[in-house]
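Here is a brisk report on a predicted model.

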Amino acid sequence: MGFFNPGLLWFALGGAIPVIIHLLHRQKYRRVRWAAMEFLLAALKKTQRRLRLENLILLLLRILIMIALAFAISRPFLRAAPIGLLEDSNTHHFIVIDNSYSMAFKKGPKTHLDLAREEADKLIDALSPRFSENDKITVILASAYPEVYVPYASKLKSVKEAVAAIRPSHYSTSFYATFRLLEEQVRKSEKASLEKRIHIFTDLQRCGWESVDDIEAKRFAELLKKLSSTTNTRISLYDATPKGARDAADNRGLVGLWVENGIIDTRSFTTFHADLYNWSAVSYPSVKVQFLVDGSHVGAADTPLPSQSGMTVTWRYRFHEPGPHFVEAVIDSDNLDLDDRRYLALDVKSSLSALIVDGKPASPPEHSDADYLRWMLNSLDVAIQGPVTPEMFTADDLDKHDVLVLCNVQSLSQDKAAKIEDFVRRGGGLFLTMGDRVDRAAWNELVYRDGQGVLPGKLVDIGGSSPEFQPRPAYHIKKYSGRHPAFRTFGNGPSPFSLVFYQFFRLEKVDPDAVLAVLDDPANSPLFIEKKFGEGKVVLYTSTINADWDDRMAGKGAFFTIVLSLTPYLASKSPGLKNLQIADVIQHTMPAEKYSPSFVMDTPTEGQQSIDIKRPAPDSKWFTIFYPSAPSKLKPDDGRPAVNEGLRFAGRYALIRPRSDATTQDALISYFAANLPPRSSAPEELSRCEGNLEKINPDEIRRRFPDFKFYLSGEGEQAPASETPGSSLIWKYLLYALCGFLGLETFLAWFFGRAKQ
Amino acid sequence: MADKKPNFLDPKVLNKITRLDLKARHIVEGFVAGMHKSPYHGFSVEFAEHREYTPGDDLKHLDWKVFGRSDRLFIKEYELETNLRSHILLDCSESMDYGSGDSTKLELACLIAASMAHLILRQQDAVGIVTFDKEVRSFIPSHSGKGQMNAVLGTLGGAKAENKTDLSTVFHQLAERFTRKGLVIIISDLFDDPDRLLKALQHFRHRRQDVIVFHVLDEYEVTFPFQRMTMFEGLEEYPKLLVDPRALRQAYLEEVDRFVSRIKRGCVLNSIDYAQITTDRPLDIELTKYLAGRLALGRW
């Protein structure tokens, strides 16, 4: 057993008071000369035994009352293992400080985190007089990725210094994640018999107590219940916001920065969009958004920002230099600076590059599919190599190109097929057109590979009718995917339904969701099919471009539109690889020939970090750089607290190859951008976003988690509103016992005294 | 204490008593011009009247002279006024020295004794006084002379409560000394063993003494009203006792009640008058009540 207020145990000496009163009572008496002593002695003899018993019972009850009172106010609790009654308290304090980025909110001289640190400092000072070497302190930083900041310390001075050094993280708040870590730490507490005091300093941000879904909400409630009912554990909550602060602090922020273009090059303007959101109740008539490219201010735009609303600011910019670039959008500072910036890392090309392989060179050459295609792409300012014959196509220099086009190619060697797969897997675009040269069996074997290859479907046979059959049935596009970039523009252009097709390759084992357009033949045969392969994309056109099978598509505006839209789409690479969120891991794959034993990552807050790379195997043509480290292969475990293996801070990350000798310079390989949440501008994400500073009332926490027992700072030692004592609340039972003793004493005193009246 | 010496002839008390006709329960031998009838009809010297013979009458009282003159049988009757010989036995043991109010039990007992002596002497009867504790301390023989009252009062004035009681022994001794029939008035708190006490009283009855017992008790002895912790310092060599009187009250009162009930029952069984007089009650009313009750018995 232990006591929350062991000093008050001295009140147990009050148990001597009834004895002292009894003795004093016997000392104070009157003297009477008495004649009828014989009767008195007889009466005494008759009642003495009973009187002694009654007096003893009353005396014991009164002693018990005093002792029970002393024990009750000393707040006893049960320990797992019995220890001495007056042993030192042996308390393990868990100081949990919310350092999510909302704690950087500053309205006045101090941030919320400053207030939290001050409160924690006061607490440590208050602990100081009673803190013994048996007591321990663990400091935990609360966020979506909580961490044990000071583990199991026994020196208050070092804890104070550590607390003073806490800085805001770039994480969101998640008390579900924090309590998982806390519960683990409490469970691991070295001595199970220790008392545990949990002190949580937070700005009580509502989003920190929200759950992603019902399952998580249920687990959260169970977790809080479990922690509350842990033996000898008491939880205190400290509101680290200024007294009298509004429940929803003013805040606005940038929640998105994105580009419209699939391909960003130096030849055309790139359109940037910056999404702003205002969580506060105040509307801003004009918010200025500044754009910076590679650190230089390049433009600005203004927008009104109504209360509880979002706005998007658009800005166009033409890059002058190809290569990696880093774009920043910044709005006017408010009370929370961290979410006033947004970053975007881009790779700018000088122009698109395409390699065309012509499987059926025609004479004259302009009658071949490849030539028609080349003609079309030329108008798109695409740098085209070829057409080359399949024999000339080595597939060795595919990395120089953004798109590879295979027109009516009979077959591919195994080596070439593998190289093409590799090219696509790493983000390249592949456009395939069919024709009478195509060797169905070879393609299925080497390119389809039972669905494992890049071919979107298994080639079956040639459908439709050849020119010998007259009248020749014509087919049209029956349906197409209007949302796909290749067909999106038809809202303003000629309809693809006018295109006429006579022959096409029939496919099987096609993913219906991957079909972009189908013909109106009886089988509704796919005409355009897409397959995403690795980081790249493949689009298969099941017919020809020249007049072999169709109505010579080269002259058709609709087909031209499709090709113009499709090519940049195929060439585009997912910006997600370079534009990351907090906790993501940077992964960058490079050809083996660019290997270097070490690279440097220039980080926004931690300076330059060296990355050592293992030499790739001799047969490996690629190697991958991970930062901060390769992601763990362990599957997420619901029982384990969330651990951030990825980026910790938002900002610009630059991957640099250090110079190999004094004469060369460091080479910038790529930029990476890490942004704060949210990932998207979806309303539910915005409301749960850390930028939403709406507070949650402690009473609402109690209502939502009725089994979560905690004290709120300022409530002092008052019991929580819906308290039901666990094992740490024996004092309540003692109070009940005290009331029982008092009632019993009153009754017995009346009952025994009844005879005296 | 000297200033508070009671007036034994309290006019108020005596006035009330004299309005009552004290009639002795038994006709004792002796004669005074009073109202006491002799139980010895036909034995005395003073002729009273004749009455016709009825079967069963003793033939020795036949008046043969009247039979010779009138040939009728008459019985001669005599009426003898006797002189009551009474003794007042006053308990002067230490226990009689207790009094919760203005007077002690002994003072009350003296007042009773003086009142009774005065009453008896006014009726021309003889009265004596005996004071005792564990033994007889003074003995004034029964007499009806003019100076007898002074002698009685002198003895009462000299009475001091000092020693332990031994009622039964003293009563046995006195019973042996009272050879003639008479009246014995015992004034005591009777704090003795009830069995032995009742045997001693039976001894008086056996010696043909009419016995009146005035059981004198203090108010506190019958109510035991103590509240606070009290050290009871026992008289008559009893030890000191520190007790919470409230806790003992009920048991004490039961003991007292049991004792009084036993004495009362013993007195009734032995045709002894018993009157309990407590210090809190007015003596005149108590004596008047007792004497009126005795008269109401109508057996004399």
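A:Thr433 stands opposite A:Tyr541, a residue of strand 25 of chain A. The two strands involved are strand 19 and strand 25 (residues 536-541) of chain A, which pair in the parallel sense over five bridges.

Strand 19 of chain A has another partner. Strand 18 (residues 403-407) of chain A runs parallel to strand 19 and is joined to it by five bridges. Here A:Leu406 stands opposite A:Leu432 of strand 19. To get from strand 18 to strand 19, the chain passes through helix 8 (residues 414-425) of chain A. This β-α-β crossover is right-handed.

Is strand 19 of chain A buried or exposed? Five of the five residues in strand 19 (residues 429-433) are buried, so the strand is largely enclosed by the rest of the structure. Both of its faces are covered. A:Gly429, A:Phe431 and A:Thr433 lie on one side, A:Leu430 and A:Leu432 lie on the other, and all are buried. In a regular strand, side chains alternate between the two faces of the sheet.

**Nonpolar cores**

The largest nonpolar core has 162 residues. Which of them touch the most other members? They are A:Val96, A:Ile97 and A:Val405. Take A:Ile97, leaving aside its neighbours within four places in sequence: its contacts include A:Ala116, A:Ala120, A:Val139 and A:Leu141. A:Ile97 is also in contact with A:Ala142, A:Val163, A:Ile166 and A:Phe201. A second core is separate and has 75 residues, among them B:Ile120, B:Val152, B:Val211 and B:Phe226. In soluble globular proteins, nonpolar side chains tend to be buried together.

**Where the chains meet**

Chain A places 23 residues in contact with 27 residues of chain B. On the chain A side, helix 1 (17-27), strand 2 (30-34) and helix 2 (37-73) each supply at least two residues. Helix 2 of chain A gives the largest share, ten residues. By class, the side of chain A that touches chain B has 13 nonpolar, two polar and eight charged residues.

Strand pairing also links the two chains. Strand 2 of chain A pairs with strand 8 (residues 230-234) of chain B, in the parallel sense and over five bridges. A:Trp34 has B:Gly234 of strand 8 as its bridge partner.

**Backbone geometry**

Some backbone angles deserve a look.

| Site | Feature | Angle |
|---|---|---|
| A:Tyr627 to A:Pro628 | cis peptide bond | omega near 0° |
| A:Pro677 to A:Pro678 | cis peptide bond | omega about 10° |
| B:Asp71 | positive phi, not a glycine | phi about 55° |
| B:Leu190 | positive phi, not a glycine | phi about 60° |

Where do these sites sit? A:Pro628 lies in the loop between strand 30 (622-627) and strand 31 (651-657) of chain A. A:Pro678 is in the loop between strand 32 (667-675) and helix 11 (683-688) of chain A.

In chain B, B:Asp71 belongs to the loop between helix 2 (64-70) and strand 2 (74-78). B:Leu190 belongs to the loop between strand 6 (182-188) and helix 6 (194-206) of chain B.

Why does B:Asp71 count as exposed? B:Asp71 counts as exposed because it has 7 C-beta neighbours inside 10 Å, and the cut-off for exposed is 12 or fewer. B:Leu190 has 24 C-beta neighbours inside 10 Å, so it counts as buried; the cut-off for buried is 20 or more.

Definitions and conventions: Residues numbered from 1 in each chain as written. Chains lettered and ligands numbered in written order. Predicted model: local features only at pLDDT ≥ 70, side-chain atom pairs only at ≥ 80, totals over all residues. Core = buried A, V, L, I, M, F, W, Y, C linked by C-beta atoms within 7 Å. Contact = placed C-beta atoms within 7 Å. Helix = DSSP H or I, 4+ residues; strand = E, 2+ residues; numbered from the N terminus. Nonpolar A, V, L, I, M, F, W, Y, C, P; charged D, E, K, R; others polar. Pairing = 2+ DSSP bridges. Right-handed = clockwise from strand over helix to strand, strands pointing away.
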